[in-house]
Each structure stands twice: as C-alpha cells, then as structure tokens.
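Subject: Handing over the structure

Dear colleague,

I am passing this structure on to you, and below it I have set out what was found. Please keep it open beside the text as you read.

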Protein chains: 4
Amino acid sequence: MVKVSVLGATGYTGQELVRMLALHPEVALVGLGTQSYVDRAYVDVYPHLRQIVDLTCRQTDDPFLIEQAEVIFLALPHGLSVPYAEKGLAQGKKVIDLGADFRLENPEVYRAWYKKTGPTEELLKQAVYGLPEINRELIKKTKLVANPGCYPTTAILALYPLFQEKLLDPSFLIIDSKSGVSGAGRSLKTTSLYSEANEDFKVYGLPHHRHAPEIEQELTKAAGTEVTVTFTPHLVPVTRGMMSTIYTRPLITDIDKIEEVYREYYSEEPFVRIYPQGQYPQTKWVQGTNFCDLGFSFDARTQRLIIISVIDNLTKGASGQAIQNLNLMCGFEETLGLPQVALFP
Amino acid sequence: MVKVSVLGATGYTGQELVRMLALHPEVALVGLGTQSYVDRAYVDVYPHLRQIVDLTCRQTDDPFLIEQAEVIFLALPHGLSVPYAEKGLAQGKKVIDLGADFRLENPEVYRAWYKKTGPTEELLKQAVYGLPEINRELIKKTKLVANPGCYPTTAILALYPLFQEKLLDPSFLIIDSKSGVSGAGRSLKTTSLYSEANEDFKVYGLPHHRHAPEIEQELTKAAGTEVTVTFTPHLVPVTRGMMSTIYTRPLITDIDKIEEVYREYYSEEPFVRIYPQGQYPQTKWVQGTNFCDLGFSFDARTQRLIIISVIDNLTKGASGQAIQNLNLMCGFEETLGLPQVALFP
Amino acid sequence: MVKVSVLGATGYTGQELVRMLALHPEVALVGLGTQSYVDRAYVDVYPHLRQIVDLTCRQTDDPFLIEQAEVIFLALPHGLSVPYAEKGLAQGKKVIDLGADFRLENPEVYRAWYKKTGPTEELLKQAVYGLPEINRELIKKTKLVANPGCYPTTAILALYPLFQEKLLDPSFLIIDSKSGVSGAGRSLKTTSLYSEANEDFKVYGLPHHRHAPEIEQELTKAAGTEVTVTFTPHLVPVTRGMMSTIYTRPLITDIDKIEEVYREYYSEEPFVRIYPQGQYPQTKWVQGTNFCDLGFSFDARTQRLIIISVIDNLTKGASGQAIQNLNLMCGFEETLGLPQVALFP
Amino acid sequence: MVKVSVLGATGYTGQELVRMLALHPEVALVGLGTQSYVDRAYVDVYPHLRQIVDLTCRQTDDPFLIEQAEVIFLALPHGLSVPYAEKGLAQGKKVIDLGADFRLENPEVYRAWYKKTGPTEELLKQAVYGLPEINRELIKKTKLVANPGCYPTTAILALYPLFQEKLLDPSFLIIDSKSGVSGAGRSLKTTSLYSEANEDFKVYGLPHHRHAPEIEQELTKAAGTEVTVTFTPHLVPVTRGMMSTIYTRPLITDIDKIEEVYREYYSEEPFVRIYPQGQYPQTKWVQGTNFCDLGFSFDARTQRLIIISVIDNLTKGASGQAIQNLNLMCGFEETLGLPQVALFP
C-alpha cells in the first residue's frame, strides 16, 4: 500500500481524486489538504462519501501532508504548486501536479501566458509531461509529473500520432472544444450558477485561452516543426464531458492511412478507443471513465479531416489521468483503480 | 465463475445489469436476450461498452440463454416473465425476476391491479421477495427471487423497522415519491422525449399506482395489521435518482427511539446509510451506487414524522439489488461487483 | 404611463420584474436600485436585455428611486423593506413589497419565525396581502401590497375555496412542495452551483420553513378555524417551476362538489386554470406565464383528496403577481403586460 | 385580421407557430392540420395552450385548411410541401414553407442532396428565400416564401455582409454549429429520449449535412464567387438554442472594419444585435425571442476571424422568422407578435 496525500482536496478535481483513490486497492489515503474546510470531516464537505472516507481536512500547508505520504497530488489553483512540489521532492516524495505550473517547458512562454514567473528551470527539467500514451517510460522514472490540462488531453491524443507521421499540414489547425460545467471548478461564480448555466451554451476565453500553448508545445514536438492552433473553448450544460472537434488538412489522399496510424499507436492502449469511420464518440459514452474516444471524418468536398475526441474532463481530463500516472510511477498495473465502464444512461 | 444470462438486456435495467455484471469478478456473462436487436452486437446498441462487452444479442426465447447459464436475470416488461421462470426452474437454474410478476403473494391482488392472471400458486410459493435487508436468509436458499420495485424499495426500507417495532400508526401513511426519467425505460414515448421532460416536473399514475399493493403487502407483514398507503409518484428531470418523502404519525413521543431502531436494524447493512437528525440525503449522493440513504425529521407542531429515503432507481431500485440477490444466492460476498462510491459531481 | 422603480433589480425576481415591465404598455421604468452593480449599465448585468432596457443601476438608497417613481417595487432580501416602504408611503407613492416583511399580520408570529422585529403595527395595518384572487378589492384601494410568497401562492389558491366552503378537515393538511432552483436567487452558494444542483434533488428547510405560517394565516381565515400545516419543500433541477402536492381529508363524499366549487370561485379568474378530473398540470405548461394551474384526484381507498397546484415560481410566484397587483392598484386591465402563453417546449 | 392555417401544426415548429400566432394582434388562426391527432382538440396535444387555443385538429389534406385561410404555413417534413403550396397558390393564397423544398434554387442541387425530385422550376421561380435581412423587398411582393433553415440563418446572417463587402477569403470557411434538442422535432427516436440526450453531447450528420448547400448558395451569391463550407453540426442538451462558431480568414488587416460593416448592415434591423468586440452572445440571451445575436474575435496569432452567431432554433431559426415573413407579406409592422425579451433565467 502506498500512502497518498491530496492537497486541494475539496475542489472538484480533488474530490474526483479522493473518490477514486478511496477504492484503489494499492493506495492508503492519509491526508487531505484544503483552505476552506480545515478541521472539518471530509464527509461534511462531500456527504456522498459517508462511510467511505473518514479523514478530517487539514490546512494545505500542514507538514503532515507531505511527511506522511509517499505520493503527493497537488490539485491547487494555478500558480500555487511550486513550493509544495519543492518540499515534496526535497523529502524524496513523488509529486503529481494537476495544475499548469510545470506543463510549459519554456519559462518565457509561461510568463507570457500566465503573467508571472513559474518554477525554476532546474525544477522544470525534472518535470515530465504526464500523458502516458506519449511519455510512459519517462513517467515511470520521474518523481515529478505535470498532469496535462483537459483540453490538451483531447487535442494531443487526437493529433500527435498524425503529426508525428507527417500526415497533417502543421499550418492548419482549428480546435473547437466544448466542456462541461464542472471544468470551472467549485468556486463561487455567477456564471457557474445552475440558473445561469442551465439551458445555455456559450463561448469563452476568446481569443487566447491558456491551454493553447500547451497544445502547441506537444504537437510541435511531434511534428518537428512549429504548429500553431486556433483554439476556441465553449461551455455546455452538462456536469461532466469534454469534446474537441478538430479541423485539419491532411497531406495524404489515402484516408485509410489515418485509421491505420491510429490503430498502430493506440491498439494496445488501455484508455484510448478508436471508432471505425462513420461512427463518432459521444461524451456520455465515457462519463466517469478514464477513456479518450476518437472518431474522424474526411470531408472530400473541402479536403478537410475532422477529428472528434471526447473525454470525461474530471477523469481522463484530470484526476483519472493523475492516477494513471501514479500507477506508472509506483509500478502498479496501469488500469488499477480506474473505471472503464461509463455510467449510462 | 458463475454463468449468467440476461433476458431483456437492451432496456435500461437490462443495460444496468450488463454494465455491472461485466465487472463482476465471479460472473461470466454468456447470453443477452432481446426482442428488437437480435443478431446485432451489443455495443451497437450501447456503444459505451465498446471493448468491454463483446456479445451478440439473441432472441429472448433462444433456448441457449437458459441452457447455458446458471443464473437467469429477467428484465422483461411486466407479465412476460412466467414462462421463462418456469423453464429456468425446470432446468434447475436460479432465476431473478426484475418485473412485477412474482412480487405479489396474493393472486387476487395481482389480478386486481394488473388485470390479468399471474403465475400459478405453486410457482408463487417458491418466490422470495428479494429485499435482502428483510429476507436475506430466504434469498440464500431460494431459486426464484422477485426483485422489488424501485418505489417499494425506498418505502419498505424506510418503514418496515418502524412498523415492526410498532412505532407508527398503521392507519396513517402518505408517500410522496419522485423518480428520475430513466424509470420510464427506453421505450419510445412522447413524454420521455428530452424536449418534453427537460425543465418540467409532474405527477403521474394518480390515484392508483401499481406499486402501492407491493408496499402495503410488505408493511402489513411488518406491522402485523393492515397498512394502507396514499402513494403519489412524480417525474423529475434527472436521468437517475429516486426519493420518497414519507409522512407518518409516530405512536411514541421519544423521537430518539426512531434513530435507535434504524441503527439496530441497519448498522451492519452494507447498503443502507442512516443520517443523523437534521441531515437529509440527496439523490446525487447515491448516483450509480447500490445505497439506500435514510434521513428523518419530526415536526413537533403537527406531530408528524417525515422520512426521506433515496436510491438510484436503476441500481438499488432494480439491477444493483438484483446483483445483491445474485451474490446471496450464489454464496458470494454480498457487495461483490456493486458500486459504493457515487459519481459526483 | 405610470413611472416605476425597482429596488433590488439585479436579483432574479428583480430581473423578472424588469423583463416584464419593459414590455408593459402603461409603464415607464425610471429607476433600478442595486447593491452590487451601482453605476453599471443594467445590460452589463443582464445582457439578454440589450436594446430593451437602457437604464444604469443606482444605489438602493438613492432618493431618486422613490422620488421619481409613482410605484415602487421592493425586491429586497427579507428584513430590508421597511424603511423603503415607509419612505415611499410618506411621499404618497404606491409600494409593492416582494419580500416577507408585510405578509404576516401578527407581529408575534413574524418575530417567532424571523427572529427579529418586523414593521410597526400601524404600517402592518396598511398592508394588503396581495393575492388578487382573494383580495382584489382591497388591493385596488391600498398603497401597500405584501406580495405573497411562491409556496403560499400554490397552497392558498388550491385550498382557500375548499376551506371557505368547509369541504376539508382543518386538522389534516400536508403540503409536499417542489421548487426550481431560481427560487434560491442569484446569490452565490455552493448548493446553487450547476454541478451540484444538476442531476440532483433534495428536501430542505425541514421541519420548519418560513412559508408555513403564511399558509396557515390565510387558510385559517378561510376556514374560520385554525389550520395547521405540515410543509416540506424540495429543490428540483429546473430553472423555473413550482408544484405543490397537497394531501387533505374531505368532509364530503360527493367529490364532484370539489370541481364545482373550484369553477364557482375561479371560472372568471384570468390566471387560474382548473383541470378536469384525471388530468394534472405540469410545471412546464405554465413556464414564463402568470398562471396557477390546478388539478385534483380523490383516492377512494384512503379517502384522501390530493390536489396538484403549479406555477412559475418567478412569475405567479413573485414578479408576475406583483405586476398583477400593480395593474389592480393603478386601475389597468388586470392582465396587462402579463404572459399567458408558456414557452414550450 | 388575416386568416391563417398551419399544416403540420403538432410538431415543434408547428406548435411554436401556433403559440405565437395565438397572440398576434392581426391574425385569426382558423385551421390546424396534422396527421396523428385528427379530430382531437389541440389542447389535448399541447395542454399548455388550455384557454388560449380552442381549435380541433384537421387532417392535413382537409381542403378547409387552404380554402378558409389567406396565409398558409407549411410545417411539414421535407418533401411533402409541394402539393400544398401548389394548391394554395392556385387559390391565390400566400404560402410560407418552413421545410426545405423551396430553399435550393438549383433543382440539380436539390436532387443531389435530397435524393428526390423537387418542385417544378416554374414553382421554384416564384419562391423567395425568406431571410428578411437580405430579401425584405422581395418577400413583400411574393406569394411563396421558402423559410430558411435554422443553421443557415445563423451562418448567413453572420457572413453575408462580410462576403458581400469582400472582406473574407471565400476558400476558407468552417462552421462548427451546436443545436438544442428541439431541433430534432417531436418524432419518436431513441436519440431524442431524455435519458439519452441529457448529460451528453455529440456530433452528427458528418460529413455532409443538408444545410451545407443552402449556406453555400446564399454566400456564393453574396461573394460573387463560389463559397464552399465545412459544416459540422452538434447536439447540445438544451431544449432551445443554436450557436454557430464560424472560422474565417479576413482579407483585411483593419479589423474594426468588420464591426463597421456589421453596423452598416444591421443597425436598423429589429432582430439582429451586434456585440462590441470582446463580448460574445450566449444562447440563453435569445431564448424564446426572434433575435440573431452576433459577436466576433480576431485571433492575431493565427490571423483568423471567429464569429459567434446565436439564435433560438425554433423562433428565428424557424417559426419566428416565418411570422416575420408573414408580417412583411401582409404589410404589418415587421415585429408584430414577435418576442424581443428572452425568458431569463
């Protein structure tokens, strides 16, 4: 049993970690850190976990949380992870950060998009971008994982094999993404109220959402040449679910090659499912699971390849992927504790 | 591994069985019966099970389904179970019927409410009402379980300990119940359309819903005297979830006794959770789980005891309870394959 | 054209007033008061009113709001209306209060339920309980209307004719009510977040909700003897809509009499619709309208009469009723500016 | 008062016509045609219209419907309108067709996309494409209006001024559209069930949706050169609402010119609202209204102009626009009977 703490345990991604870790057969949950609910029983904050989780919340900076755990999950707002990661690493712990602080390899890019200084270069170098389908071997060896953003997970899983195989024009990439409301977190905002979000949908973050450089970084590495993206996120009235509709220009004429490449890269992947041509995934088909489902369509009239990529934003888009990384870092079976059957209907 | 078939596998309760059985560590799913999708892959009907379930649907009356299985689940429309149950029993199989045909012990009552003749008395005598919290020992020994209705599950779990201990006036019982839309099944009805059910709620089945006699039968046995119920079901726009708000008149003045009795009956139950006074369960806290959560409040002004009982209508209200019965009938641990952590948020 | 101000214009009931007043052919909207959005254009707060409303928000206590208007709507949190009502009346204005401060005639009852001192008795005496179907003539003559609560509107319209005609047992009254989420207002609460309220339903306010004494006050007057209610409110995941399922014991055996009395009282009412026996209203059928729809069912087995009463909680339950009162106070046609066609589907 | 009939009155667009026409001050609704509910009261089909509409449904081909009306709305499934339009025109009536049969000017294109023969060329020549913002004067003079599709309404209103002014590259046009579920109509399909559509979103109609040629036809006319579109529709879990997120390549560098052109074309339009740069419309802000709201953003990094266009799919996307056309054809004020205040929240 590996001992685990979660810092930022009372937000939605924190809760999603706790929910799943509570059932993980190789994990003992030892500490839950929070700002707002210190000294309160976790089930007072999340009563659905009555008789499942019996821990009491601690202050985020309670040293217990790092000292008593072997693996530390950081589910904190962007910009707050660095000191906790440093402390964890200094004590020889494994750290998985669900925030953005270690995702961008270039500190200049971080500064440009986040308007603040990020981690030191030395720390950055230790961090591995935690997308197991790309970086599995590196993740197994590192002590610091930068868990990918939800939108980038949909985009990179859909695109990196095709860019790596030079099947797509790197100068043409439009990603129209849709997210469920839980992606906005549990903080109190008028726009997150039921009466506002219900029966509504909208665009947000135009024209420059912070997930764009993360997508570009990984796809540029795959393509071996600069990839620039037009990225437009939307909010859709579901609690969970994320879809990216991706518009690309293929450099080949034999479209069957697309499916071949996907199968070559993903047929052994436990959490990626490829749909046959003419079938497209729906968000509900991955609800509560750690799957990324991919489908695609070629529009011969306009010579564009459209790729549909769906995940559950809280699971493969955040906490499920983090547990997948835990499994790799700890030498467990990669699927341990991770749901593969959607809640349907 | 016990071999299992599901007849009526493409309705929502059938699908909920298949979803959960696919993960059950002691079950091998061997056959899926259906009327509408014969010879089609099950994942064509329910694509979220891609790479999880690879069976092809068979005609409901395909002899394979009974011959090759040791346990047969019947998730058929009311009135169709009898011949399949007879065949199963004749071949020495275990049968769990999720319909209403074996729930009412008195054939006259069945005829009065369903306007048709039910099973023979001989068959009826073999059937055990499959509420494990009441009939655990009988269920372990029988080969024919009548799985309770969803509304009766909420009502009987909330009330039978209190009636058994003579704490409630048997002449005063009002049950105001609310169900999610999946309770109406997957059949095509205008009232089940998204655009109709969304942003709406309504009463239905007034004044005489068929679940009333089932509730009365079990509570009358508990009370040792006739209990009659005013029962009003409503439809609420959620996919899953059921709540009964129950109005009763206590015969005692010490209300702490209520909680005591609940704890006495249920503290060892794996799927019943009692809330302390002043806290009330919400349907989302049991979403996807096999829990029945109970809370209560005493209105001193009017001397009425109000009990709140919630379940997931597809799980504890149907298929989860059926698997709980399977576990008992087969000597497995009672919680095997049954979710205890809700999908939240 | 009558000049109108709304104090508390940026909450949901305030917005609902503004929405409808903007189209009212006899109203000129002159002032909008708020705490949180002073000096901001109203369309910045509610962009759907772009090109419809071009006022800028003022501080709630800006004297302009009362001085420049002939009618003042108070859509403030409970307990804050008294000083504004006093100022308005002192300047000879008409005041319609959508809060609770003037609804309870007995100051002791107000103190017991609201834990504070309410208005002076002198002020209370001027207030008319603004349910037009009961108090139409008094409303026409008063300068101070206490607009009813949403739950009491459903309950009193369903019950006062039957209590007045002595058709119901005054010792037996259970009201199981369900409200849409907009009833909780626009203030920021975790329980009002989309991800929490969506796909959930729950009870709240047990065992003593503040709307109970308001219901009892009006029904006791109708019955001529004390009526006590068991009242249980629930939250249902729709934005708008409210239903009360009301359990009563009739003192008569000829149930047709119920419909007769309803028709006698309501056949000329522009905003009450009676459904024939066997048909029951749904909340969506009144969405956006000022209707209260009523249906009923007699359960001969248990001798109980069940009444279903539905409204849109923001319209007939608050702002629509307030405009109905404005029409009466100003001598306009009672239906002016009030929607009678639901938004459906 | 002009006498009006609606054929196909019991589908959602038919109902939306009836809802609004019932309040139209210059319209007398005389006949409602249907296939499924002949001889039934319309309020049995749509009970929310109790006391508002008291007509009884007639068979679609009942001659009364055309003979007794001056204006005929055809809200029929695609391919069924031609004979009714012919009869109406032969009797000198005005005809507004909400289906697709008269929208495509080129019979070859119709055949290619609909796999059947459309109307005669003679009939086609009489038809005016009923987008008032483009064809107002032609609509005033014609007797046959082809009411635009919902998706094309969002796309064409967003784009035709910019193509007409040669501001956009005609070879680059991607439209990612999202529709509420009511767009699928009231017919019974598994995918339209609440339990399926709720908490889900998905793409459909890939790669060739029938609305693409309609969009191309009108934009090609505006551009004076061929415009080809990549068009991807999605289904989003709301009842009403439609958004198109449109990706284009501007031929100019001064982006303020975009807003100027929009203001030049639309500042006098009663049903088009332009948002200032940095603000984007949400679907709920037009819920129940006849507005098309437009916002846009220039992504300087990728040199792409993104336009957001939203409508209520049943109102400006179908029935509201049809009534706008009625107003033009009959010489009424264009906004008569058309809602301009959204139902919010």
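A residue is called buried here if 20 or more other C-beta atoms lie within 10 Å of its own, exposed if 12 or fewer do, and partly exposed in between, with the C-beta atoms placed from the backbone. Helices (H or I, at least four residues) and strands (E, at least two) are DSSP runs, numbered from the N terminus. The model is a predicted one, in which local features need pLDDT of at least 70 and side-chain atom pairs count only at pLDDT 80 or more, while totals for chains, interfaces and linings use all residues. Residues are numbered from 1 along each chain as its sequence is written, and chains are lettered from A and ligands numbered from 1 in the order in which they are written.

The sheet of chain D

In chain D, seven strands form an open sheet with parallel pairing, in the order S3-S2-S1-S4-S5-S7-S6; two strands count as paired if DSSP finds at least two bridges between them. Strand S3 (58-59) and strand S6 (127-129) of chain D stand at the edges with a single partner strand each, so one side of each has no neighbour in the sheet.

From strand S4 (residues 71-74) of chain D, D:Val71 and D:Phe73 point one way and D:Ile72 and D:Leu74 the other, and all are buried. Four bridges pair S4(D) with strand S1 (residues 2-7) of chain D in the parallel sense, and D:Leu7 is the residue that stands opposite D:Leu74. S4(D) is also joined by four bridges to strand S5 (residues 94-97) of chain D, again running parallel, and here D:Ile72 has D:Val95 as its bridge partner. Between S4(D) and S5(D) the chain crosses through helix H4 (residues 82-90) of chain D, and this β-α-β crossover is right-handed, a term used if, with the strands pointing away from the viewer, the path from the first strand over the helix to the second runs clockwise. S5(D) in turn pairs with strand S7 (residues 144-146) of chain D in the parallel sense over three bridges, where D:Val95 stands opposite D:Leu144.

A covered helix in chain B

Helix H10 (residues 211-223) of chain B has 13 residues and reaches 18 Å from its first C-alpha to its last, close to the 18 Å expected at 1.5 Å a residue; the expected span is 1.5 Å times one less than the number of residues. H10(B) is mostly covered, with 10 of its 13 residues buried, among them B:His211, B:Ile215 and B:Leu219. The buried residues of H10(B) pack against several elements of chain B, including helix H8 (150-164) and strand S8 (168-179). After H10(B) comes B:Gly224, whose phi is positive, near 75°.

How the chains meet

Two residues are in contact if their C-beta atoms, placed from the backbone, lie within 7 Å. By that test, 37 residues of chain A are in contact with 37 residues of chain D. Among the elements of chain A that each supply at least two residues of the side touching chain D are helix H9 (194-197) and strand S11 (242-250). That side of chain A divides into 15 nonpolar, 12 polar and 10 charged residues, where Ala, Val, Leu, Ile, Met, Phe, Trp, Tyr, Cys and Pro count as nonpolar, Asp, Glu, Lys and Arg as charged, and the others, Gly among them, as polar.

A rotation of 180° with 0.0 Å of shift along its axis superposes chain A on chain D with an RMSD of 0.0 Å, which is the relation of a two-fold axis. Copies are superposed by least squares on the C-alpha atoms of residues with pLDDT of at least 70 in both. Because 100% of the interface residues of chain A are also interface residues in chain D, the copies meet through the same surface.

A:Val236 lies in the loop between S10 and S11 of chain A, and with 25 C-beta neighbours inside 10 Å it counts as buried. Leaving aside residues up to four places away in sequence, A:Val236 touches residues including A:Phe201, D:Phe201 and D:Val236.

For the other pair, 24 residues of chain C are in contact with 24 residues of chain D. The largest share of the side of chain C that touches chain D, three residues, comes from helix H1 (residues 12-21) of chain C.

With regards
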